[in-house]
Amino acid sequence: MKLELRGVTKKFGSLVANDRITLTVESGEIHCLLGENGAGKSTLMNVLYGLYQADEGEILLDGVVQHFSGPRDAINAGIGMVHQHFMLIPVFTVAENVMLGHEQTTFGGRLDLDASRAKVREISARFGFEIDPDAVIEDLPVGVQQRVEIIKALSRDAKVLVFDEPTAVLTPQETDELMAIMRQLKANGTSIVFITHKLREVREVADRITVIRLGAVVGEASPSASNTELASMMVGRAIDLTIAKGPELPGDVSLIVTSLSVIDSRAQYVVKNVSFEVRAGEILVIAGVQGNGQTELTEAILGLQSRVEGSITLNGEELVGRPVGGMLDAGVGFIPEDRTEDGLVAEFTIAENLMLDRSMGAPFVRWGTLQLGTLDEFAEATLIEFDIRAQGITTRVGTLSGGNQQKVVLARELSRDLRLFVAAQPTRGLDVGSIEFVHTRIVQARDSGIPVVVVSTELDEVVALADRIAVMYRGGIVGIVPANTPRDVLGLMMAGEIPEGVAA
Amino acid sequence: MTDNQKPVTGAKIASGFAGEPVQSPSGAHANGVDANQVDPIVAAPTEPAPPPAANRIITEILGGNAMISFLAIVLALAIGSVLIAFTNPAVQTSTGYFLSRPGDTFSAIANAIVGAYAALFQGSVYNFERSDFINGIKPLTETLTFATPLIAAGLGVALAFRVGLFNIGGRGQIIIAAACAGWVSWSFPMPYFLHMLVGVLAAVVGGAIWGGLVGLLKARTGAHEVIVTIMLNYVAYYLVSFLLRTPGALQASGSNNPKSPAALDTAIMPNLSNLLSVLFPGAPVGTFRLNFSFVLVILATFLVWYILTRSSLGFRFRVVGQNPNAARVAGIDVNRMYIVALVISGGLVGLAGASQVLGTNTTGFTAGIDGGIGFDAITVALLGRSRPWGVFFSGILFGALKAGGYTMQASQGVPIEIILVVQSVIVLLIAAPPLVRSIFRLPAPGSPVRAARRPGRLTEVVTK
C-alpha cells in the first residue's frame, strides 16, 4: 500500500510542530524518518495514526484521501503502529493483548481466545518468532514484547507499519534481528515508516531517508550518504563529538563492591554476585542493555534496595545496611536513572529541588527551620554556574526542558561534598548541548579525585566517558574491559557472550 | 525490567498523547558525529512514570487556584437559589397561574431568593434588626464559633493532604479527643484555665494517638489510610458509646443515658462574654458563645503555616506528598513522615474535639459529639486547597453557612438541607476543577493555549 502525506501541518497554538510535510512511502519500501528530539517526527506519526487531526494537508492511501478521527479509523485503513513505549497490558497474556481492541467472542459473549492464539501462532510461524500465546507480557524480555506489538499490528492486517524509535530498548543483537524482521515484512509487501535517530540503523535498512528538522522536511537522502552528511542535515550544523577528557590520574582503590547480590520483591536475583573496584579519579562505566541489573546495582549503592547481600565499601567504610540518608551522609552523589520520577519534584521550584536531599541540616536548615535566604543565594549562584536556563529560581522544575532538569539534579549532587559519584543514564533523552555539559561535569567530578560510576546503555557514551568498562548481562558482570575495547566486542558482551581474550 | 520499559496500559495511552508534543520525550538526540565514529551517541527516550494515582488526584485538586474556589462558591450559591425558588411555597402557588400573571412568579422567586440570602447574612454576619451592636454582631461570633472546630479539623486534614494522605478519620479522632478532654474536665479538679489547658492537651494527645495509629499501620503494613481511618471511625464511635453506657467509665453517675458528666467549671473555656465582663465591668456583655478555642485555632493556623512553609519537617512532608519516590532517593524516610504527619494531623483534629467539649458543649456529651465536623473538615480542607489560611477562611465560610442556615430556616422557612446541598456542590466543584473551568470557560493549566503564550519553549527545545 502506498502512503502519501501531502502538506501536513500541525500547530499547537503558535507552535508549528509539523510544517507542510510531504512524504511518499511506496509499497514495500522502508522509509526512514530521521530527525532530532522534538523535530516533529512523533507528532507527524500521531497525525497519521489519527491521534491528532492535521490542521492542513491530507493523508492518502493508494491515492485515496483518508480522514482519520481516531486510531481505530487508521487501523481499519491498514495502518499499524509499533509504539516507542509498548501499548501492552503487562498482566495480560500475549493472546489477550493481541485481541485487545477487536475482541472476538463466541456464544454468550465468551472471549474467543483460541482464535487469537491461532493468530499469534500463525503470524509467529510466518516470521519465525518463537512466541507462546499464553505467556504473560511482563515475564517476556523487551525484545519479545516488541514482537508482540508487531504481531498485534499485523493481526489487524496492517499494510503500513510505523515503527516509532523501536531500537531504543534493544540490544545490538536484538536490533539486528528487528532489522531482519523489517526486511522480511518489506518482502511481503508491507510499507514501513521507521522513525529513528540512529544513523547506523538508517543506513543499514532504509530504502529512502527523509530528514526532518524543526517540524519541516529538510531533505531526502539516500542510504549511501555518510554519517556526517546525515547528522549535519539532522542538526543543521556541523557537529563534533569529543569529550574534553584528559588522561586519568587514578589514585587508590576507593569503592570496593564484593559479591553483591540484589533480590527484588519477587524473590528474584536481579543482581548476582557482582564484584568490582573503582579507584579514586577513575570513571567506571557500567554498560549493558537496559534492564540487566544496572538500575538495581546503582540503587543498591545508594541504599534504595531492601534486600542486598554482599558488601560495598567506600574508603574502607561498609555501606550495605545503611539507610539512604546514611549513604548521602557518607558522601554518595547520585543521579537517578529516571530524573522526573526519582530525582525531582516537578511541582517544586528550582531552589526547593536544589535542597531536596539536604533537608536535614546545614546549610539550608537550622533549628528545624528552612534558611530560605541561604537557599536563594545558593540557587541563584547555581543557576549561573550550571547554566540552567530558566526564568528564575522560583520557576517550577516541571516546566523546564529535560536538559535543564538534569542540570538541576547534577547541580544538587555535585554541590555536595562528594566521596563517590554515581550517575545512572545521565544523558538519557537530553539534547546535544546538555549531553556535552553533563559529560564535562562528570569528567570534572572524576578529575576532582573521587571514584565515578556511570551507567549507560549507549555504546558511544560508554566509550567516550569510560576509563574502564564493566558490561552487565542478566544481573552479572560479563567482564571488565579497558576503554579502548572494540565496539563489536562490547556488543557481544552486552548479549552475554564472553569473546576470546577477554578476562571475565 | 525498569519502569521505563514497562508496557503502558490503556489508561496511559490517552494521557501520553495529551501532553505538549514538543516536550514529550518522543525521540532522542544525536550527540553528533565524527567522520570516523560509527554512529552518534543516542540518548534513550524517557517517559516519566506517573506518580501514584492518589498523589496525582491530590495534586490536581490542590493545583486549582483561588479563582476556582471562588467560582465554585458562586456557582453553588446559584444552584442554591434555584433550589430555594423551587421549594418556596409562594413560588409554587404563583406558578399555578403563571400564564395569566407571570410577573407574580418572578417576584415570588426574587423574594424567595433575596429573603433567603438576606437571612443567611443576618444569621451569619450582622443582624440589623437588633437595636444594639452587642446583639447585632452576635451572628458573626456564632459564625466563628461554628468555624472553630471546622478550622481545627480542617487544618489536620489539610496537613495530611499535603503529605499525600487522605485522613478520613476526623470523626474518630474527634470522638477520642473529646473523650480524653471530657474525662480530664470532670475527673481532675485543677485551677481555672490550667485545667482547661490540660484538657486541650489531653484532646490533642488523644487525637494524635488515634491518627498516629493509622500512620503506624500504613507504615508498617502498607494498609491504606482511607480504609484504616474509616474503620477507626467506627471503632472510636462504638468504643466511646460503650464507655458512655458504662457506669464508672464515661457515663454521668446517676444517669441511665449514654451521656457524660458535665465539665467542671474550671475546665470550661472562657468565652467572649467572660472576657468583656472582665474588660468592661458593668457594661452589657451579651451572651456570646465564641470562646478561647478560637484563639487556639488561630495559633494552630500559624503553626501549620510554619510547619508547611518554613520548617524542614514540612519541606520533607511536601516532598513526600508530591513525589514519594524522589523523597526516598533524597534520603527521606517516607514511612516515618507518614506516621509523623498523621500524628500531627490527628492532634489538630483533636483540637476540634477539645473546642467541642470544653467550649460549646460543656454540659456532657454523647457519642455524636463529632456532629459531622470530621467529614466537613475534609470539605473545608479541599475548599481551602490545603493551605493553612485557605483552610482558615473556608472554615469561616462553612461556619457562616451553618450559623446562617439555621436563621434561614427559622425566618424564611428555607429547608436547612439546601445549605447542605450548597456545601456539597461547592466541594463537588472543587474536586472537579475541569467542570468549573468549562462552565466559566477558563483555560486548563498546561493547555495548548498556555503553551502558545510561551513560544520560546519550542525553539529552546529544538535548537539547543
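Q: How many bridges join strand E13 (residues 283-287) of chain A to E21(A)?
A: Strands of a sheet pair through backbone hydrogen bonds, either parallel or antiparallel. Two strands count as paired if DSSP finds at least two bridges between them. Here E13(A) and E21(A) run parallel and are joined by four bridges. Within this pair, Ala287(A) stands opposite Val471(A) of E21(A). Helices (H or I, at least four residues) and strands (E, at least two) are DSSP runs, numbered from the N terminus.

Q: What are the conventions behind the numbers?
A: This is a predicted model, in which local features need pLDDT of at least 70 and side-chain atom pairs count only at pLDDT 80 or more, while totals for chains, interfaces and linings use all residues. Residues are numbered from 1 along each chain as its sequence is written, chains are lettered from A and ligands numbered from 1 in the order in which they are written, and side-chain values use heavy atoms, with hydrogens and water left out.

Q: Which order do the strands of the six-stranded open sheet of chain A have?
A: The order is E16-E19-E20-E13-E21-E22, and the pairing is mixed. Strand E16 (332-335) and E22 of chain A are the edge strands; each has a single partner strand, so one side of each lacks a neighbour in the sheet. On average, neighbouring strands of this sheet are turned by 15° against each other, direction ignored. Axes are lines fitted to C-alpha atoms, for helices over the stretch in contact, and angles run from 0 to 180 degrees between N-to-C directions.

Q: Which strands of this sheet does H9(A) touch?
A: Contact means heavy atoms within 4.5 Å. H9(A) packs on the sheet and touches E13, E16, strand E19 (420-424), strand E20 (452-456) and E21 of chain A, with its direction at about 150° to that of E19(A). Helix H17 (residues 487-494) of chain A also packs on the sheet, against E21 and E22 of chain A, and its direction makes about 30° with that of E21(A).

Q: What order and pairing does the open sheet of four strands in chain A have?
A: Its order is E12-E11-E14-E15, with antiparallel pairing. Strand E12 (269-279) and strand E15 (317-318) of chain A are at the edges, each pairing on one side only. E15(A) is joined to strand E14 (residues 308-314) of chain A by two bridges, and the two run antiparallel. Thr313(A) has Glu318(A) as its bridge partner in E15(A). Helix H9 (residues 294-302) of chain A packs on this sheet, touching strand E11 (253-263), E12 and E14 of chain A, with its direction at about 65° to that of E12(A).

Q: Where is Arg474(A) placed, and is Arg474(A) buried or exposed?
A: Arg474(A) sits in the loop between strand E21 (468-473) and strand E22 (476-482) of chain A. Its relative accessibility is 57%, so Arg474(A) counts as exposed. The phi of Arg474(A) is near 45°, a positive value in a residue other than glycine.

Q: How is the crossing of two helices read, taking H9 and H15 of chain B?
A: Two packed helices are described by the angle between their axes and the distance between the axes. The axes of helix H9 (residues 194-221) and helix H15 (residues 334-360) of chain B come within 6 Å and cross at roughly 145°. This crossing of H9(B) and H15(B) is right-handed; a crossing is left-handed if the near helix is turned anticlockwise from the far one by less than a right angle, and right-handed if clockwise.

Q: Why does the span of helix H3 (residues 66-87) of chain B agree with its number of residues?
A: The expected span of a helix is 1.5 Å times one less than its number of residues. For the 22 residues of H3(B) this gives 32 Å, and the end C-alpha atoms are 32 Å apart, so the two agree. Among the buried residues of H3(B) are Ile68(B), Leu71(B) and Leu75(B).

Key. Buried means under 20% relative accessible area, exposed over 50%, partly exposed in between (1.4 Å probe, protein chains only).
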